Structure formats: structure tokens, C-alpha cells
Amino acid sequence: MLEEYGVHSALTETSLDRIIHLTANIFNVPIVLISLLEADRQLFAASVDVSVCETGRELSFCAHAIRQQDMMVIPDARQDTRFADNPLVTGDPHVRFYAGMPLRSQTGYALGTLFIIDRTPRMGLSESDRRNLRDLAALVMDKLEMRRLELARAASKSRFENIARTSPDAIICVDHQTHITFWNNAAVKLFGYTRQQILGHPLAMLLPNAVVASLTQLAARQEAHSEGGTLELSVRAAGDRMIPVELSVSLWMEGHDVSFGAILYDITERRQNEERLFRLTHMDYLTGLANRTQLSSSLEQALRDEKAAIIMLVGLDGFKDVNDSLGHDGGDALLVAVALKLQAAVRSGDTVARMGGDEFALLLPGLDDARRAEEIADQIIDDISHTTTVDGQVVTISASIGIVLFPLHGATMQELLTSADLALYQAKAEGRHCRRFFTPALRALSQARRSYQSQLVRAYQQGEFELYYQPQMRLADNAIIGAEALLRWHHPEKGVLGPAAFLPALDAGPWAERVGEWVIRTACRQAADWRRQGAADFRVGVNLFNVQFRTGALVHQVHGILAETGLDADALELEITENIILRYDENMLRPLKELRSEGVGIAFDDYGTGYGSLSMLKDYPVTRLKIDQTFVRAMCDSAPDAAIVCAILYLGSSFKLGVIAEGVETLE
């Protein structure tokens, strides 16, 4: 049977290579093969990450797979008695997971399989994955059928007619006047015309006039008689049905006249598979939006064709918590609901894509108005923040958006997407539920973060971090009642660096929790020492990192440090910002309540500069408000700043909280 397909060894066809590499990407597997079986061997027509071209049939998984009506899936070959001792399992390539789909000809003959292999076991394949593997196998079979048809087209006339009688493909012969002289059984089935109805009629009854004219011109060229040709077109069947086919043409001389032999292969299923393949490679399977590949293509076209464009990256705030509480099905339903809201917010020619996880992108070609971008972004944030019902549960979620303008913020696709990502990062860092435009300062900050990342490890290990202590004064009697511990980096080349230079890099890296614990321990040790020297009521304030709330170890750390240093709990004050609270909510509330109940102070740092609400003063175990220095320094000359200071003082009094002002550096 393989003789008809001209397969004797591994094939070097680009179309098959594209399919198997796509298969490897879709299923995220290291090995993909197209296996064709003969009596005593398994031939690999095309493969990914396999050096051999064939194996003995007795070792073949596919010898089992082709006996199945549908695909064969083996979650773990070591646990399957049929394959546990197979050399392909116990040795290279160390098969653990296998899934193979039989490749069947039009007559139902099983030629082999398209199969995927992983070196680690898997649970199996989802129904969506099964559909994808079936469609990919159908595409492989299409390419093999095209190869068979090409071989048939090149056959001699006598062999051509012999093939025609038993072929599953529609085959017709036409004389030099383009009248039909031969019509096989498969042509009867495809077109719906009997031999009596069609023989002697002009070919134009089935094919477009332009195609018939092209065949006539081809016949006039002597050098073309050994060439033939192949094209795709739609033919007219009985009942005026239009059927897409691949038409392969052979020409030969009969006396002084040229005759045609045509093989017509119904490609309806191929077109459907190609459409599905396009969706697989260009569309997000869950939401139906464009995927990252399609966005890249659309953005490249916009950069070529448009003078301006707006790109937005949209990230959902707190999606992980929602996903954990609803389960993955509920999380998927929420993503679909968000996708619909995004599509409703843009024009018909705009692109909305899912970049992966809970991140989306919008491409608005032709727009260059920053104010219009603000309006669209604000509308999206408002739409997403409206409650959504998922499986009967009311869900509230918010969004952050990073915005870039082409060509202002970049000329290439990579520049623009990187800039949008930096703007989104900034929006999340500034409290979420907001939008931010890209600025060159963000790129400089990102570069600084990257340059410092590797050095921070050395700084921690070699003791380059230091604490400075800013005294806290009581205005009633000018007594020093405490100090705030300020982190500094004694850089070996750049000298003493303030937190603005390195905190973004530290907070985003893996060493933040260790440095944060070191800060608490060092500050508590110093405070205990000052108390022993006579500052009986001395209190030390310590700023916390975001990561110290993610691991759930904060309470345990503080307990251990207080016990180790002998410092009373009420001598420690932990400082947090409103924006940190907005990010972590319950993850932050529990440890803060526990520490507060034990006497540890909790201060809101830089109060009034973030995006928190007054309800935070009611819900969180706060003991002190810190007025940001920007308000304090301007309050003597600015009525609005003075009003803000008065308002915070009033809040402190109303909630029975202490209030401390930063930046008091003059008598006034």
C-alpha cells in the first residue's frame, strides 16, 4: 500500500515538517513522529527530536495504535503491561506518555499513525486535545494523499486508466475538443452524474470556463505535455452544488491530438481542517480572541500601514484569588466574560487578544489621541469592575492597564510591547485598578532593576546593607520617642544608595524576604540595646516588603526575632503602605491582626498618597497614621496641603490613632 504513496524512506517535505513542529508546540512534547507501517518495519516519514528513520515492527507502539478505531493514549508506559519492558521505554527515547492517531486512507486502510511522546507521564488528553490530534492527523493524511495523486498524475495513459478504475478519487479523461470520454465510479459518487449523463458533454459543464481555457492553452505548449499541473478550485456537481477540489492534470498525445487525464480530490474536509488549524495557531482556544501570534501579525501590519496606533495591556487584579475560590472552570468563565467586555469596548477593526493567563492586549490602529486612550482605558476598567455572575456567584474584580502610543513610545513591535508591559507593571505597582502611560523613566527604572538584580545577592551575602535611623520627636516636649529604620546600600562602587535606587529591583526579586527579615532583626536588636541603655519607652519603626505577606511567615518571623532580641512587642512598629494593602487584602489582614493583638504597632506609611479608602481605617488594625512629607513641607504655603494635613489629624483623632508627620525640618 505504501508503494502508491512513494514512501521508501524518511520524507523531506516542508508541509509535513510544519505539521509535526506545530504538533510539538500545541501539545508541548519533545517528540512527534509520523509512523508508517510495513510488514516488518516501522518507517518514520517525518519526526521531531528522533535521529533514527525506522524500527522493527515488533517494538512499535503504532502496531497497537492502528488496530484502534480512534486514538490510543497511554498515560504511563511503565505502568502498562504491554510496554513496560519495551526497549523504547526502558532505554532511549525513554517513552512514558504516548498518544497516537491512526492515519487511514480513503478506502479505510491504516497506513500508520501520527503520535506524540513525552518522557514524563501525563494524566491523558482532554477532549479538546483529542480533537486537535485528530485534526492534525487528518492534515497529515491530506499531505500524503497529495503525494499519491501527484504520483498517479505522472503515470502513463494505460497505467492512468488502470488506476482510474479502482481509485477512490474522481478521475475523468477529456479529448482534444474538451469533451468527456472517461468517467470512473468515484466521479459518479463525487459529482452525482452517471456515465450516461456525462460522457460526451463538454468539460465546461463541470469546470469554470477560465480553467477549461487554461487547459486548452496548456495543450498547445508541446513542452508542457510532460509537465501537467495541479490547482485548487470549485467544481459544479449535480444540483448546482459547488465542491472544492484539488485538480491534477496529465496530458498525452493520441495521434496528432492532445488528451487530458484529470484527478479530482475532494478537499472539503481539508479546508475544514485548515480552518481549524488556523484557529489553533491564531486564536485563543478559551475566549475566541486573537492569541499572541495573531496580535503580533496585526501589530506588524499596523506598523507598516498606519501612521499611528494605540496599544494597551490589560491585567486583571486579584485573578488568582478568584480562580482559587471559584475553581478553574469558574476562572475560565470569568475570563470569557472579561473577553466579551473588552470586545464591546473597541471598534470593529481593532484587535483584542489574550496574551495568556489573565493578561489581554488591545490594538487600536489609526488612533494617536492620548485623551481618547484614557477614555477607552477608564471605560474598560469601569466595565470590568462591575460585578459578574459566575455559576450563581457574584464576582467582583478590577483591572490595571498599561498604554503606549505608536510612534511616540517605540517604532518596533518589540519596543511597543515591552513599553506597554512596563506601563502595566507601573499601574499595578501604584495600587492597581488604574491606567498608566509609558514614560522613558520606566525603561530606565527597569534597566536599573535588571542591572541590580545580580548585585543584590552579593550585597546581602557580604553585608553591604546598612540601617540608618531617623529620629521620631514628640512636639509636646521635643523628646525622642523612637526612630524609623531606613535601609541603605553601601555599594562598593557607587557609595551609599537610598532605597529609590534599588528597592524596586529588590522587591521584585527572590531576596526581598531575607533582606526584610534582616531589617526587622537588626532594628529590633538596636532598639533593645538602646532600651537597655536607658531609653525605656523607645520604639522602632520598620517598613515591610510586599513579599513578606506572600509566604505567610511574617508572624512566625516576628515572634522569633522578639524572643531572640528580648524586645517587647510594643516597642516594634511595622509600617505598611495603602497600596500594599490593596494588593493583598486577606493575606495581609490575618497576620496584622494577630501581631496587633500581641502589642505590635501598625502604621500606615505615606497616608493620603495612595488609592485606599477610609474603610481601611475601620477594617485594618492600624495604630498610627504617617502624614507624607510632600503635604508637610508645602502646608505653610499651600492651603490645599494644609487642609489635607488637618483632615488626617481629624481622622487620627476620630479613630483614636496616633499621627506622625514626616519632613518636619523647619521651626514653622
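Me: What does the accessible surface of the chain come to?
Reply: In this predicted model, the accessible surface of the chain is about 32000 Å². Carbon and sulfur atoms account for 51% of that surface.

Me: And how much of the chain counts as buried?
Reply: The chain has 668 residues, and 50% of them count as buried.

Me: How many helices and strands are there?
Reply: The chain has 23 helices and 26 strands.

Me: What about contacts between residues at least 6 apart in sequence, how many join residues at least 24 apart?
Reply: Of those contacts, 62% join residues at least 24 apart.

Me: Let's move to helix packing. How do helix 16 and helix 18 pack?
Reply: Helix 16 covers residues 512–532 and helix 18 covers residues 554–565. Their axes are 9 Å apart, and the packing angle is about 30°. With that angle, helix 16 is roughly parallel to helix 18, because angles under 35 degrees count as roughly parallel.

Me: Is the crossing left-handed or right-handed?
Reply: Helix 16 passes helix 18 in a right-handed crossing.

Me: Which residues meet there?
Reply: From helix 16 there are E513, E517, I520, R521, C524, R525, A528 and R532. On the helix 18 side they meet L554, Q557, I561, L562, E564 and T565. Sorted by class, this contact has 6 nonpolar, 6 charged and 2 polar residues.

Me: Now helix 10 and helix 13. At what angle do they cross?
Reply: The axes of helix 10 (residues 292–305) and helix 13 (residues 413–429) cross at roughly 115° and come within 10 Å. The crossing of helix 10 past helix 13 is right-handed.

Me: Which residues are in that contact?
Reply: L295, S296, L299, E300 and L303 belong to helix 10, and they meet M413, L416 and L417 of helix 13. The residues of this contact divide into 6 nonpolar, 1 polar and 1 charged.

Me: Is L207 buried or exposed?
Reply: L207 is buried, because its relative accessible area is 2%, and buried means under 20%.

Me: What does L207 touch?
Reply: Apart from neighbours within four places in sequence, L207 is in contact with V212, L215, L233, V235 and L247. There is also a C-alpha separation of 7.7 Å between L207 and S234, which are 27 residues apart along the chain.

Me: What about L231, where does that lie?
Reply: L231 lies in strand 9, residues 229–237. L231 counts as partly exposed, at 34% relative accessibility.

Me: And which residues is L231 in contact with?
Reply: Setting aside neighbours within four places in sequence, L231 is in contact with V245, E246 and L247. L247 is also among the contacts of L207. As for V249, that residue is 18 residues from L231 in sequence, with the two C-alpha atoms 8.8 Å apart.

Me: Last one: where is the place of S398?
Reply: S398 is in strand 17, which runs over residues 398–406. S398 has 17% relative accessibility, so S398 counts as buried.

Me: What does S398 touch?
Reply: Not counting residues up to four places away in sequence, S398 touches G315, L316, D317, I384 and H433.

Key
Residues numbered from 1 in each chain as written. Predicted model: local features only at pLDDT ≥ 70, side-chain atom pairs only at ≥ 80, totals over all residues. Heavy atoms only, no water. Helix = DSSP H or I, 4+ residues; strand = E, 2+ residues; numbered from the N terminus. Buried < 20%, exposed > 50% of the residue type's maximum accessible area, 1.4 Å probe, protein only. Contact = heavy atoms within 4.5 Å. Areas by Shrake-Rupley, 256 points an atom, 1.4 Å probe, with all protein chains shown as cover. Axes fitted to C-alpha atoms, helices over the stretch in contact; angles between N-to-C directions. Parallel < 35°, antiparallel > 145°, perpendicular 65-115°, else oblique. Left-handed = near helix turned anticlockwise from the far one by under 90°. Nonpolar A, V, L, I, M, F, W, Y, C, P; charged D, E, K, R; others polar.
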